[in-house]
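Me: Let us go through the labels attached to this model one at a time. For each, I want the value and the definition it is set against.

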Amino acid sequence: TEELKEYFSQFGSVQRCQLPFDRDTGFHRRYCWIKFSNPEEVQNVLQKDSHILEGSKLTLKQQIRRRRSQRKNPHE
């Protein structure tokens, strides 16, 4: 997590870095969430052609955050 946070901090202020682990295997799940302070910082990351961290090429996707009122109710 620290390596990810350090890497992405070159593009802006990283507010949160979450790297989920699989409880059964103990390995990370091969994805993470990075939260930046503002949308411009996200664009800074997306503008770079490729991201390589510790020899692995990273695939980035921007998650569009929906308001709670726009989320589907899982109980319906």
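Reply: Helices (H or I, at least four residues) and strands (E, at least two) are DSSP runs, numbered from the N terminus. By that rule, Arg 30 sits in the loop between strand 1 and strand 2. The model is predicted, so local features need pLDDT of at least 70 and side-chain atom pairs count only at pLDDT 80 or more, while totals for chains, interfaces and linings use all residues. Residues are numbered from 1 along each chain as its sequence is written, and side-chain values use heavy atoms, with hydrogens and water left out.

Me: What pattern does the chain follow, read along the sequence?

Reply: The pattern is α-β-β-α-β-β, made of 2 helices and 4 strands.

Me: Why is Arg 30 called exposed?

Reply: Its relative accessible area is 77%. Exposed means over 50%, buried under 20% and partly exposed in between (1.4 Å probe, protein chains only). The value for Arg 30 is over the 50% limit, therefore the residue is exposed. Arg 30 also has a positive phi of about 70°, although it is not a glycine.

Me: Which residue other than glycine has a positive phi near 50°?

Reply: That is Glu 54, in the loop between strand 3 (51-53) and strand 4. Glu 54 counts as exposed because its relative accessibility is 65%, against the limit of over 50%.

Me: What makes Phe 27 exposed?

Reply: Its relative accessibility is 60%, and the label needs over 50%. Phe 27 lies in the loop between strand 1 and strand 2. Not counting residues up to four places away in sequence, Phe 27 touches Phe 21 and Asp 22; contact means heavy atoms within 4.5 Å.

Me: How do you know that Glu 40 is exposed?

Reply: Glu 40 has a relative accessible area of 52%, which is over 50% and therefore meets the definition. The residue lies in helix 2. Glu 40 and Phe 11 are 29 residues apart along the chain, and their C-alpha atoms are separated by 9.4 Å.

Me: Why does His 51 count as buried?

Reply: The relative accessibility of His 51 is 1%, and buried means under 20%, so the label holds. His 51 is in strand 3. Leaving aside neighbours within four places in sequence, its contacts are Tyr 7, Phe 11, Val 45, Ser 56, Lys 57, Leu 58 and Leu 60.

Me: What does the side chain of His 51 reach?

Reply: It reaches the backbone oxygen of Val 45 at 2.9 Å. A polar contact is a pair of N or O atoms within 3.5 Å; within protein, one must be able to donate a hydrogen and the other to accept it, and residues adjacent in sequence count only if both atoms are side-chain atoms.

Me: What makes Cys 17 buried?

Reply: Its relative accessibility is 14%, which is under 20% and therefore buried. Cys 17 is in strand 1. With neighbours within four places left aside, Cys 17 is in contact with Thr 1, Leu 4, Lys 5, Trp 33 and Ile 34. Cys 17 and Leu 4 are 13 residues apart in sequence, with C-alpha atoms 7.4 Å apart.

Me: Which 10 residues make up the largest nonpolar core?

Reply: They are Leu 4, Tyr 7, Phe 8, Phe 11, Val 14, Cys 17, Leu 19, Phe 36, Val 45 and Leu 53. A nonpolar core is a set of buried Ala, Val, Leu, Ile, Met, Phe, Trp, Tyr and Cys residues joined through side-chain atoms within 4.5 Å. Helix 1 and strand 1 each supply at least two residues of this core, and the largest share, 3 residues, comes from helix 1. For the chain as a whole, 18% of its 76 residues count as buried.

Me: What is the volume of the largest pocket?

Reply: It is about 1500 Å³. On a 1 Å grid over the protein atoms alone, a pocket is an open set of points with protein on both sides within 12 Å along at least five of seven lines, and lining residues have an atom within 4 Å of a point. Of the 36 lining residues, Cys 32, Trp 33, Ile 34, Lys 35 and Lys 61 are the closest to the centre. By class, the lining has 17 nonpolar, 9 polar and 10 charged residues; Ala, Val, Leu, Ile, Met, Phe, Trp, Tyr, Cys and Pro count as nonpolar, Asp, Glu, Lys and Arg as charged, and the others, Gly among them, as polar.

Notes. 1 Å grid on protein atoms, 1.4 Å probe; cavity = no way out; pocket = protein on both sides within 12 Å on 5 of 7 lines; lining within 4 Å. Points joined across faces, edges and corners; volume = space filled by probe spheres on them.
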